[in-house]
Amino acid sequence: MGKNWLLVVVAAVFEVMWVAGLKHADSILTWTVTAIAIIISFGVLVYSGKKLPTSTVYAVFVGLGTAGTVISEMVVFGEPFSWAKVGLIALLLVGILGLKLVTHENAEPDRKEGDVA
């Protein structure tokens with residue numbers, strides 16, 4: 001996995017953090033951590049989108065974030081376990097992996113700031 005794809009995964013991890021923070025934050029500290037996670041998540045996502053095909057980056061980011069949020073809700077926050085959820089997350093991840101495999105990394109040239117997409 002290339003450096004830029006690894007950054008997409010990092011952005012998705014921070015997405016899981018801020019989504020959980022929006023639901024569970026109850027102090028100034030947890031709201032601050034949530035805000036920082038939002039800034040890091042979208043900052044890394046935008047950077048990766050400049051180096052990789054934007055549509056694929058966004059699909060991978062949202063899919064991993066969704067899967068991570070559902071799993072963290074079940075594991076950390078006591079959401080009831082469901083085989084249906086696990087199966088649908090697996091299906092989502094298979095779709096993300098498939099999309100990543102059929103996308104050519106050089107599909108879009110590197111864009112410079114100010115260039116039209």
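What pattern does the chain follow when read along the sequence? Color by secondary structure and you get α-α-α-α, which comes to 4 helices and 0 strands. Helices here are DSSP runs of H or I with at least four residues, strands are runs of E with at least two, and both are numbered from the N terminus.

Two notes before you click. This is a predicted model, where local features need pLDDT of at least 70 and side-chain atom pairs count only at pLDDT 80 or more, while totals for chains, interfaces and linings use all residues. Residues are numbered from 1 along each chain as its sequence is written, and side-chain values use heavy atoms, with hydrogens and water left out.

**Stop 1: the whole chain**

Select everything. Of the 117 residues, 29% count as buried; buried means under 20% relative accessible area, exposed means over 50%, and partly exposed is in between (1.4 Å probe, protein chains only). Among contacts with a separation of 6 or more, 69% join residues 24 or more positions apart.

**Stop 2: helix H1**

Select 3–24, which is helix H1. H1 has 22 residues and reaches 32 Å from its first C-alpha to its last, close to the 32 Å expected at 1.5 Å a residue. That expected span is 1.5 Å times one less than the number of residues. The buried residues of H1 include Asn-4, Trp-5, Val-8, Glu-15 and Trp-18, and their cover includes H2, H3 and H4.

Zoom in on Asn-4, in helix H1. Asn-4 counts as buried because its relative accessibility is 18%. Show what is around Asn-4 and you'll find that it touches Tyr-47, Ser-48, Lys-51 and Leu-52, not counting residues up to four places away in sequence.

**Stop 3: helix H2**

Next, select 28–51 for helix H2. The end C-alpha atoms of H2 are 35 Å apart, which agrees with the 34 Å that its 24 residues should span at 1.5 Å a residue. Buried in H2 are Thr-34, Ala-37, Ser-41, Val-44, Leu-45, Ser-48 and Gly-49, with H1 and H3 among the elements that cover them.

Click on Thr-34, which lies in helix H2. Is Thr-34 buried or exposed? It is buried, because its relative accessibility is 4%. Leaving aside neighbours within four places in sequence, Thr-34 is in contact with Trp-18, Gly-21, Leu-22 and Ala-25. Draw a distance from Thr-34 to Gly-21: they are 13 residues apart along the chain, with C-alpha atoms separated by 5.2 Å.

**Stop 4**

In soluble globular proteins, nonpolar side chains tend to be buried together. To see the largest nonpolar core here, select Trp-5, Val-8, Ala-11, Ala-12, Val-44, Leu-45, Leu-52, Val-57, Val-60, Phe-61 and Ile-96, 11 residues in all. H1, H2 and H3 each supply at least two residues of this core, and the largest share, 4 residues, comes from H1. Such a core is a set of buried Ala, Val, Leu, Ile, Met, Phe, Trp, Tyr and Cys residues joined through side-chain atoms within 4.5 Å.

Keep Val-60 highlighted. Beyond residues up to four places away in sequence, Val-60 touches Trp-5, Val-8 and Ile-96.

**Stop 5: the largest pocket**

Where does Val-60 turn up again? About 160 Å³ of space lies in the largest pocket, and among its 10 lining residues, Val-60, Leu-64, Ile-96, Leu-97 and Lys-100 are the closest to the centre. Helices H1, H3 (54–75) and H4 (83–102) each give two or more residues to the lining, with H4 giving the most, 4 residues. By class, the lining has 9 nonpolar, no polar and 1 charged residues. Here Ala, Val, Leu, Ile, Met, Phe, Trp, Tyr, Cys and Pro count as nonpolar, Asp, Glu, Lys and Arg as charged, and the others, Gly among them, as polar.

Grid points are joined across faces, edges and corners, and the volume is the space filled by probe spheres set on the points.

**Stop 6: two residues in H3**

Select Val-62, in helix H3. Val-62 counts as partly exposed, because its relative accessibility is 28%. From Val-62 to Val-8 you cover 54 residues in sequence and 9.9 Å in space, C-alpha to C-alpha.

Finish at Glu-73, also placed in helix H3. Glu-73 is buried, with a relative accessible area of 11%. Apart from neighbours within four places in sequence, Glu-73 is in contact with Lys-23, His-24, Gly-78 and Glu-79.

Terms used
1 Å grid on protein atoms, 1.4 Å probe; cavity = no way out; pocket = protein on both sides within 12 Å on 5 of 7 lines; lining within 4 Å. Contact = heavy atoms within 4.5 Å.
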